[in-house]
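Me: I would like to go through a few of the labels used for this model and see what stands behind each. Could you take me through them?

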Amino acid sequence: MSDTRRRVKVYTLNEDRQWDDRGTGHVSSTYVERLKGISLLVRAESDGSLLLESKISPNTAYQKQQDTLIVWSEAENYDLALSFQEKAGCDEIWEKICQVQGKDPSLEITQDPIDESEEERFEEMPETSHLVELPACELARLEEIADLVTSVLSSPIRREKLALALMSEGYIKKLLQLFRTCEDQDNREGLHHLYEIVRGVLFLNKATLFEVMFSDDCIMDVVGCLEYDPALVQPKRHREFLTKTAKFKEVIPITDSELRQKIHQTYRVQYIQDIILPTPSVFEENFLSTLTSFIFFNKVEIVSMLQEDEKFLTEVFAQLTDEATEEGKRRELVNFFKEFCAFSQTLQPQNRDAFFKTLANLGILPALEIIMGMDDLQVRAAATDIFSYLVEFSPSMVREFVMQEPQQADDDDVLLINLVIKQMICDSDPELGGAVQLMGLLRTLIDPENMLAPTNKTEKTEFLSFFYKYCMHVLTAPLLANTAEERKDLPEETTKVNPVCPDNFQTAQLLALILELLTFCVEHHTYHIKNYIMNKDLLRRVLVLMNSKHTFLALCALRFMRRIIGLKDEYYNRYIIKGNLFEPVINALLDNGTRYNLLNSAIIELFEFIKVEDIKSLIAHIVDNFYKALESIEYVQTFKGLKGRYEQEKDRQSRGLSRYRRDARSLEDDEEMWFNEDEDEDEAEAAVEKRVDEEFPETYGKYMGTKKGAANGNNSASNKPASSASPASPIGSSGKAAAALPSTPVVKTGLVGLVDYPDDEDEDDEEEEDEEEDMSPRKRPRLGS
């Protein structure tokens with residue numbers, strides 16, 4: 001048998017009775033040695049991997065639905081479906097299946113499997129029990145029919161036999177005629193039996209029966225039967241709801257009668273599944289899998305038919321963007337598009353891509369820009385849902401559109417992204433559900449990770465420049481409005497101005513969302529956010545929120561600072577030092593007292609990070625200015641560790657400077673020894689020792705003079721960097737780090753050797769450890785009272 005390859009989508013039914021997409025590939029039917037039989041193979045079109053390998057068993061029940069669908073069960077509660085791109089491919093694979101099973105390809109269903117236990121049970125029964133004989137369709141025998149339908153549900157083979165019997169005799173329509181008779185006579189007992197019968201027929205899970213029951217002339221009678229649940233005192237009025245309350249609104253007249261019928265059918269069947277039928281038990285969940293499939297593929301067909309009708313969609317867009325369109329009509333059009341986009345999620349990926357490209361070409365984004373600026377909350381909410389579908393489909397498409405807007409509009413407020421930001425800020429929901437959704441969309445749009453399309457390598461730079469120029473001020477406006485700047489014109493001794501801090505819970509939630517987005521920017525954007533923070537002094541404004549009574553908001557502000565420090569960027573570090581921006585953080589720690597909570601842990605983690613990463617400029621600033629206030633905190637060793645790092649760096653600086661001076665003298669000695677190389681080695685060593693004794697006072701004096709000059713130059717500002725970095729020292733101390741430290745080097749008064757031997761370093765380190773306990777570095781705490 002030759003391979004026949006057709007493009008298909010593989011679906012499996014999950015526990016929630018929803019079809020999961022397993023991938024697109026090409027199907028073939030071929031003999032598989034391992035499985036000992038003809039099998040269906042689907043290989044992924046992307047990489048050729050095996051998506052499906054299923055042996056065509058003689059007893060497996062396959063169903064052909066809607067010309068392009070084959071559905072079957074591999075095992076209990078495991079249903080599979082192949083959705084074909086072309087009808088011809090579906091017909092060809094269906095013929096192969098029927099050929100293996102010895103069935104007529106004109107049928108749309110094959111046998112259900114019979115397990116061994118059932119085979120044994122049937123062998124023990126009389127021959128006539130293999131057949132399901134339906135009682136005559138009469139009022140007097142309704143109870144008998146109901147018992148029969150209920151009894152076969154536990155047996156797959158008997159369900160199949162009953163389904164065939166119901167189809168062959170036109171039994172469904174006869175039952176529905178009895179329903180009308182019982183209802184006319186108000187025969188409640190008969191109506192209760194009909195409820196059990198119709199419910200049982202639905203649980204037979206057969207697409208051929210559904211096609212009869214859900215046809216135009218039968219579906220309302222099926223709904224009527226399901227109104228008379230014996231458990232209810234009074235019947236429900238589902239038909240009244242479907243015919244009178246639920247109105248079908250044609251925003252644009254649909255001329256295709258088949259499409260209109262399909263829309264009506266899908267809505268009513270969805271209503272039966274979601275509203276009328278009770279939630280299935282664990283044992284009944286798989287009974288309605290075909291009903292779920294029926295709805296799913298109906299939606300696919302509706303979207304495809306609408307998409308192909310270009311005249312219809314063009315008219316919809318024309319009315320949507322027409323200023324003369326009435327508000328009520330516009331609301332219906334937006335809701336239609338929302339449902340349309342929701343249905344499109346059932347499409348295969350390539351069809352879904354074509355669908356959204358069609359909408360983009362018709363002008364969906366300019367239309368959204370118009371309706372998101374309207375006052376109607378329902379319209380804006382529906383527009384937000386449509387916008388989310390578009391962002392999820394193609395962030396680049398949305399970015400390309402918004403970057404062209406400033407060329408066409410003079411007012412930044414009407415830009416699409418600014419409309420989205422304003423809708424997020426003005427969300428009236430106390431829980432800010434809409435704002436959270438919009439914040440997620442904004443984060444997707446400004447995420448550099450999805451700006452890596454090879455076709456447009458400048459997209460990241462261009463879009464971020466656009467966003468920071470036209471949109472960032474709108475995003476940060478609530479933050480700046482709710483945080484009053486501290487007065488910079490007052491002397492340091494003056495009590496700081498109490499900042500305005502929002503106590504309203506909804507405002508606090510909004511600010512937390514904005515801070516979350518800004519924190520994302522710090523992590524993923526480079527100079528754009530850095531320039532914005534520096535120019536707007538944004539971190540100072542954010543840290544005002546450390547005073548908030550809402551701990552979650554204070555933690556958001558702290559997280560923002562933590563991300564900045566986590567970058568270990570000296571530009572940021574100098575900005576923090578110059579603005580004394582650790583003060584609000586340390587105040588929050590001290591105000592928190594002895595409470596061991598998340599705020600306490602988060603602040604300590606910030607300082608622990610600085611200590612572990614040895615960020616020298618920040619360590620020096622913290623110890624110089626705040627150690628007096630922090631030295632009493634002993635339940636963690638973080639602050640003592642910071643002081644230890646600080647003193648260790650001071651000692652490194654002092655050693656580096658002194659060794660630099662010694663090395664300069666050593667060079668002179670080496671030069672003189674080169675001229676005296678003819679002298680005896682012992683005499684040369686004696687000469688060197690003598691010069692050390694004679695010249696040491698001069699060397700020491702020069703060094704002390706340099707030290708005093710450096711100290712006099714720095715004692716006016718303890719937290720400013722040294723005016724010049726010391727030359728590289730032989731022990732490898734960083735010139736940059738040394739320049740960042742404000743403290744005066746500490747000098748040991750012991751003898752200084754001319755040559756620096758490795759063993760001397762160990763001795764020096766031991767002496768330094770002994771002296772660290774006695775040294776007390778200068779501190780200038782500037783905490784507000």
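**Labels and their cut-offs**

Reply: Gladly! Asp20 counts as partly exposed because its relative accessibility is 26%, and that label lies between buried (under 20% relative accessible area) and exposed (over 50%), with a 1.4 Å probe and protein chains only. Before we go on: this is a predicted model, where local features need pLDDT of at least 70 and side-chain atom pairs count only at pLDDT 80 or more, while totals for chains, interfaces and linings use all residues. Residues are numbered from 1 along each chain as its sequence is written, and side-chain values use heavy atoms, with hydrogens and water left out.

Me: Where does Asp20 sit, and what is Asp20 in contact with, leaving aside its neighbours within four places in sequence?

Reply: Asp20 belongs to strand S2, residues 19-32; strands (E, at least two residues) and helices (H or I, at least four) are DSSP runs, numbered from the N terminus. With neighbours within four places in sequence left aside, Asp20 is in contact (heavy atoms within 4.5 Å) with Val10, Tyr11, Thr12 and Asn14.

Me: Why are H19 and H22 called roughly parallel to each other?

Reply: Helix H19 (residues 433-445) and helix H22 (residues 505-524) pack at about 15 degrees, their axes 11 Å apart. Angles under 35 degrees count as roughly parallel, over 145 as roughly antiparallel, 65 to 115 as roughly perpendicular and the rest as oblique, so H19 and H22 are roughly parallel.

Me: Which residues make that contact of H19 with H22, and how many are nonpolar, polar or charged?

Reply: H19 brings Ala435, Val436, Met439, Leu442 and Arg443, and H22 brings Leu513, Glu516, Leu517 and Phe520. Seven are nonpolar, none polar and two charged; Ala, Val, Leu, Ile, Met, Phe, Trp, Tyr, Cys and Pro count as nonpolar, Asp, Glu, Lys and Arg as charged, and the others, Gly among them, as polar.

Me: What makes H26 and H29 roughly parallel?

Reply: The angle again: helix H26 (residues 570-578) and helix H29 (residues 616-630) pack at about 10 degrees, with axes 9 Å apart, and H26 and H29 are therefore roughly parallel to each other. Their contact is made by Glu570, Asn573 and Ile577 of H26 with Ser617, Leu618 and His621 of H29. By class, the contact of H26 with H29 has two nonpolar, three polar and one charged residues.

Me: Which side chain is joined to that of Arg239 by a polar contact?

Reply: That of Glu183, at 2.5 Å; a polar contact is a pair of N or O atoms within 3.5 Å, where, within protein, one must be able to donate a hydrogen and the other to accept it, and residues adjacent in sequence count only if both atoms are side-chain atoms. Arg239 itself is in helix H9, residues 238-245.

Note on methods: Axes are lines fitted to C-alpha atoms, for helices over the stretch in contact, and angles run from 0 to 180 degrees between N-to-C directions.
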